[in-house]
Amino acid sequence: PTKRDAVVFAGNYTSTASLDACSVTVNAGAAVTFLTGHSLRVGENITVNATGSLTIDSGAALVQYTKHAVNTGNVIVKRNSTNMIHNDYTAWSSPVANQNLLAFSPNTLTNRFYQYLFTGTTTPTAYQSVVPSTNTFTLAKGYMIRVNNNWTLTPAVYNGQFTGTPYNGTITYAVGQGYNLLGNPYASPISAYRFLITNPKVNAIYYWTHTVAAVAGAFPQNNYASYTTLGGTASAAGGAIPNDEINVGQGFFIQAAAAYTVTFENELREDAATTTQFFKSTNAVSENQEAEKHRIWLNLNDGTKSFNQILLGYTPNATDGIDNKIDGKMLDTSKTMLYNLIENNEYVIQGKGLPFSDEDTVKLGLKVTEASNFEINIQQVDGLFENQDVFVKDNYTNAIHNLKEGSYYFISQTGTFNDRFEILYKKTTKDIAISSTNAVDVLVKNNELTIQSYQSAIASVEVYDVLGKVIFSKNGINNKQFNTNQIKASKQALILKIQLENGEVVTKKIIM
């Protein structure tokens with residue numbers, strides 16, 4: 001068939017490829033299924049007669065072109081989640097009319113269907129379980145829904161299924177000042193890039209990913225992935241980096257500076273073959289290529305967990321200031337995080353203009369809620385950064401480290417530090433003449449001692465008590481970082497004598 005043909009299904013049919021049609025009719029008794037990777041592309045109306053069925057499998061797509069086409073009858077749209085465990089939440093949105101909330105997730109506790117109120121300023125005032133489970137999904141609205149109450153701790157996919165008349169054409173949704181939870185209203189993926197371009201007041205998209213589990217009811221790390229026209233960032237290193245598609249059934253957040261109306265159009269819709277990503281999920285980066293882009297993805301980690309990821313890139317029409325749709329703010333600023341610093345505000349995504357100059361410097365900020373030893377590393381690069389050095393300069397220690405050669409390790413106490421880090425692209429003569437006044441940091445955490453040298457490797461360590469007795473010593477370390485839990489904690493003052501391989505001796509006082 002071609003887009004000019006009207007297709008009538010009189011019997012059972014399972015797709016072997018994508019299909020184009022002017023209109024589609026499924027007769028009574030016929031069962032039609034479009035499999036993963038296949039698209040049903042329809043110019044005009046879709047009619048599913050009583051006792052007939054049209055099923056769009058998870059990973060398939062129903063794409064319509066005419067805004068004023070009238071759909072009749074129910075379509076089944078399947079959407080598999082990524083692996084979830086007990087108490088996990090996913091942001092869902094319905095691609096069909098009259099889908100009941102509880103019918104979609106029948107074993108979820110009835111008080112675990114949440115809407116997000118843009119007027120809320122804290123988690124309890126924003127997420128409110130005031131949505132009766134007997135309600136239906138509101139068009140283009142996202143809902144946070146907890147997994148079935150009988151779900152196990154073994155990660156497993158939830159096989160979501162929506163049943164109703166598929167939405168089509170121009171769809172609008174009114175948002176209020178603050179963060180709003182929306183959702184893809186179509187039975188096909190939509191372009192996140194074109195969604196941003198279509199809606200001038202929307203600057204960034206945020207996805208709840210739940211890559212880090214809750215501890216005692218609280219989430220210790222940032223669980224939001226982000227996307228702008230420059231690209232996407234994962235919620236935490238190792239999570240999914242958003243690509244250009246918002247998948248079927250996917251809920252997402254936007255931030256509104258004032259009340260306005262968001263618009264979805266058929267022109268945003270994509271074929272099935274262009275995407276496999278659904279949050280929470282992992283997928284290779286696949287970006288819209290409308291503009292030239294040269295990008296660096298940076299991660300902040302410590303020895304046991306990942307904190308967040310940021311994106312820095314160079315693209316046409318970007319500036320050193322705030323650029324709508326290119327720069328993206330940090331959604332959650334309450335956790336330990338690394339961030340781009342633009343006009344003294346925290347950004348997860350920063351774009352800068354072309355042409356690129358290796359004389360450029362970029363300020364990074366750091367927030368630490370619990371003292372620890374950390375590392376900054378490159379997740380990936382593209383464009384000119386495939387062959388360009390990327391240095392991080394630590395203004396507190398005067399260390400300059402090439403991130404292309406490996407992670408930069410450092411120790412930080414709690415606080416907000418907007419003057420500590422910069423990204424450089426080359427070393428100058430003045431950068432090489434480094435003072436070592438603050439060249440060594442020490443940290444005591446969970447009865448473990450960490451020593452971090454920023455310039456010269458550590459040769460040996462001696463630990464003295466207040467009486468001058470050596471209670472611990474270690475030679476032949478030959479590394480910039482040294483960790484030990486062999487010093488017995490007794491809540492006393494201790495003196496560290498740290499011999500560096502360049503001949504310097506550094507003395508530090510600690511309490512263990």
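Student: Which strands each supply at least two residues of the lining of the second largest cavity?

Tutor: This is a predicted model. Rolling a probe the size of a water molecule over the atoms shows where empty space is left. In the second largest cavity, strands β12 and β15 (143–146) each supply at least two residues of the lining.

Student: How many cavities of 30 Å³ or more does a search of the whole structure find?

Tutor: The search finds two. The second largest cavity holds about 40 Å³ of space.

Student: Which residues line the second largest cavity?

Tutor: The lining consists of Met 84, Thr 90, Trp 92, Phe 104, Ser 105, Ile 145, Arg 146, Val 147 and Tyr 158. By class, six residues of this lining are nonpolar, two are polar and one is charged.

Student: How many aromatic pairs are found in the whole structure?

Tutor: The search finds 33 aromatic pairs. One of them joins Trp 92 and Phe 104, with ring centres 4.9 Å apart. Planes over 60 degrees apart count as edge-to-face; the planes of these two rings stand at 70°, so the pair is edge-to-face. Because Trp 92 lies in strand β12 (residues 89–92) and Phe 104 in helix α1 (residues 101–104), the pair ties together parts that are twelve residues apart in sequence.

Student: Which residues do ring pairs link into a cluster with Trp 92 and Phe 104?

Tutor: The cluster also contains Phe 137, Tyr 143, Trp 151, Tyr 158 and Phe 162.

Student: What is the arrangement of the rings of Tyr 314 and Phe 356?

Tutor: Their centres are 5.0 Å apart and their planes are at 85°, so this pair is edge-to-face. Tyr 314 belongs to strand β27 (residues 306–314), and Phe 356 to the loop between β30 (345–352) and β31 (362–368), so that the pair links distant parts of the chain, 42 residues apart. At 2% relative accessibility, Tyr 314 counts as buried.

Student: Where is Pro 355 found?

Tutor: Pro 355 is in the loop between β30 and β31. A cis peptide bond joins Leu 354 to Pro 355, with omega about 5°.

Student: What is the phi of Asn 98?

Tutor: Asn 98 has a positive phi of about 65°, although it is not a glycine. Asn 98 is placed in the loop between β12 and α1, and at 64% relative accessibility it counts as exposed.

Note on methods
Residues are numbered from 1 along each chain as its sequence is written. This is a predicted model: local features need pLDDT of at least 70, side-chain atom pairs count only at pLDDT 80 or more; totals for chains, interfaces and linings use all residues. Side-chain values use heavy atoms; hydrogens and water are left out. Rings of Phe, Tyr and Trp (its six-membered ring) pair if their centres lie within 6.5 Å; planes under 30 degrees apart count as stacked, over 60 as edge-to-face and the rest as tilted. Helices (H or I, at least four residues) and strands (E, at least two) are DSSP runs, numbered from the N terminus. Buried means under 20% relative accessible area, exposed over 50%, partly exposed in between (1.4 Å probe, protein chains only). On a 1 Å grid over the protein atoms alone, a cavity is a set of points where a 1.4 Å probe fits but cannot get out, and a pocket is an open set with protein on both sides within 12 Å along at least five of seven lines; lining residues have an atom within 4 Å of a point. Grid points are joined across faces, edges and corners, and a volume is the space filled by probe spheres set on the points. Ala, Val, Leu, Ile, Met, Phe, Trp, Tyr, Cys and Pro count as nonpolar, Asp, Glu, Lys and Arg as charged, and the others, Gly among them, as polar.
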